[in-house]
Amino acid sequence: MKKILHVAAILLSISIALFAQKSAEEYLNEKGEVYFSFNLDNTNLNLSELTRIISIDNVKKDGTVFAYANRKEYQKLREFGVSVNVLKHPGDTPNVKMANSIEEVQEWNAYPTYEEYVAMMQQYANDYPDICEYIDAGPTVDGRNILFLKISDNVSVREEEPQFMYTSTMHGDETTGYVLMLHLIDSLLTSYGTDARITDLVDNVEIWINPLANPDGTYAGGNSTINGSHRSNANWVDLNRNFPDPDDGPHPDGEVWQPETIAMMNVASSNFFVMSANFHGGAEVVNYPWDTWSRLHADDSWWQFVSHEYADTCHAYANGWYMTGFDNGITNGYDWYPIYGGRQDYMTYFKHGREVTIELSDVKTVSGSELPTYWEYNKRSFLNYIEQCRYGLQGKVTFELAIGIPQATITIVGHDSDADSSQVLTDTRNGSYFRLIKGGTYDVQVSAPGYVTQIFYGIQINDYQATVLNVDLLKTVPVELVSFTGSIFESGVKLNWTTATETNNKGFEIQRTMNNEQLTMDNWESIGFIEGYGTTTEAKSYSYADENLEKGKYIYRLKQIDFDGTYHYSPEAEVDFNSILKFELSQNYPNPFNPSTKISFSIPEKEFVTLLVFNVNGEKVKTLINENLDAGKHSVDFNAAELASGIYFYKISTGKFSDIKKMVLLR
Ligand SMILES: [Zn+2]
């Protein structure tokens, strides 16, 4: 009897532990967040408004909303007069099975301690150095770490293969995916070289796996247990509302980016993830973009295709109910309920990737003994989802005369739009690109700033196949120069040029070199700069005067400079400045003279010229020239044999010019 009473007492205490409901205030004091439900019928707010106040976790068809709130959020909800049913927090799981060693974790039916987790991640990288790299993406609020394993052949080399990412448990109490990702890592590494399918995947995809995106939330109860976990990070921020949002801007939740968010953004920005998935719990469904707005993504048919493939593969190996809700296991994000600041939309919109949110289990923290069941349901889907990043359109873009590797944009004409940001970009480390798309026939545009856009018409793409399109992009001539000429004027050279069109034209640097024995060619000197018109499709004329030149043969060219600093040289224009300079009457030579001397002059153009000699009384004593002369330098001999000694004057006259100089005849 005593014994029976004892058992009854234990049962009673368990009942009290299970059913004695804490108040919201108690949860907020103890955990910093509270989990609750209410029905939409009991509030004047719609889901769009509610999702900005609290962290919605699920919305049932009957209008029941399940949500979390920190103190601030909970108070705000109460201010709107919404009353809620406080629920047992999903992270409070005192009976959850924790492993006592790494070996026990690797039986895959218990959760690791935080230390075991970190040690396992390091151990995998140590044991498989050729195909596995340990990456610490940064510390969390409480100084734990966001860890990735990168798994690929030639793991330290950025090969021309797609980058793929799995990440789990950014909501700390949604722990199923955490262990399943560790299990997947183990499976990829231990089966490499023996399992043909896994070997093929590891050889041809760069797989990044982050099993635990919010370790502070998962181990809020201490590093040795996941009991006491919570959804948010240690600052009580829901990390899946903390990312920049395509519709709501950089901080849709009004919070600064958390360290965990920054770590993820850094990893995303320094890589080109073609495809990714983010594992959660609390439902069983593949949720695809967009979360932030109702408009469907350009690739909605592809999202449905890959999401159904994931869910259908689960159905084939699961019991009758698993992942069968919604549209047979898949849903458009907004259709379910809107969220702002989710990582799925961030990766898809800002990083031009393709990310889904996969909810693995209705129960957020499944018991250890149930973990193998979820592995069995999902393990094939994990692989075939990764495999999808190998299909569609892919290739490499090379760039003519490039410094470094520029970035090209791959646009499916009439399909992609800036609103969806659905174009994909080439990897700036090797020029590769991967455009996942539902099978069909598409026109593909490949463009890059400074390069001639190319369009490839009627490209056939099939599901489960890769269509390869490699593209060489040629540099555009940003400014189309129609003419460039140099001509002589009075004191120098006048350069004239015209452009038909200009793109990003900062302007023209005028460069000059002399073509004679004293100076070698290629000794270009910059002599001036003329600003361009930027971008115009109208013809533009320019001129530049190079004045006060010494005699010589000059060569000119234009260095056309873009706003980004790139430049192009024009053809060269050569001008002979030897013969003609300007109107000039030289001093006679010799002077004094007896009886003859030479008088030189130059004229810049063909002119009627008179050159007369006068005595000191102003009487003309000789006509030396009275005729049309060509442009150039001329000289004439003056013989004064029949004249007396004394001072004489010679005077040149043309239509535009006259000059007079004195000379002395000395016998
Ligand atoms: Zn979640």
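Helices here are DSSP runs of H or I, at least four residues long, numbered from the N terminus. I keep that in mind while reading this predicted model.

**Entry 1: alanine 110.** I looked up where alanine 110 sits. Alanine 110 is in a loop, with α5 (102-105) on one side and α6 (114-127) on the other. Is alanine 110 buried or exposed? Its relative accessible area is 0%, and buried means under 20%, so I noted alanine 110 as buried. Next I listed its contacts, leaving aside neighbours within four places in sequence. Alanine 110 touches Lys97, Met98, Ala99, Val179, Gly368 and Leu371. I also checked leucine 360, which is 250 residues from alanine 110 along the chain. The C-alpha atoms of the two are 17 Å apart.

**Entry 2: the zinc ion.** Which protein atoms are the donors of the zinc ion? I found ND1 of His171, two entries for OE of Glu174, and ND1 of His280. They lie 2.0 to 2.6 Å from the zinc ion. The spacing of the donor residues in sequence reads H-x2-E-x105-H. I then turned to the angles among the four donor atoms, which run from 54 to 147°. The site is irregular. Histidine 171 is buried, and glutamate 174 is buried too.

**Entry 3: a surface patch.** I looked for nonpolar surface and noted a patch of about 300 Å². Val413, Ile455 and Tyr457 make up this patch. I followed valine 413 back to its loop, between β14 (409-412) and β15 (424-425).

Definitions and conventions. Residues numbered from 1 in each chain as written. Predicted model: local features only at pLDDT ≥ 70, side-chain atom pairs only at ≥ 80, totals over all residues. Heavy atoms only, no water. Patch = residues over 30% accessible without salt bridge, like charges linked within 9 Å, V, L, I, M, F, W, Y side chains within 5 Å. Areas by Shrake-Rupley, 256 points an atom, 1.4 Å probe, with all protein chains shown as cover. Salt bridge = Lys/Arg side-chain N within 4 Å of Asp/Glu carboxyl O. Helix = DSSP H or I, 4+ residues; strand = E, 2+ residues; numbered from the N terminus. Donors = N, O, S within 2.8 Å, 3.2 Å for Na, K, Ca; no water. Tetrahedral: all angles 85-135°; square planar, octahedral: opposite > 155°, others 65-115°. Buried < 20%, exposed > 50% of the residue type's maximum accessible area, 1.4 Å probe, protein only. Contact = heavy atoms within 4.5 Å.
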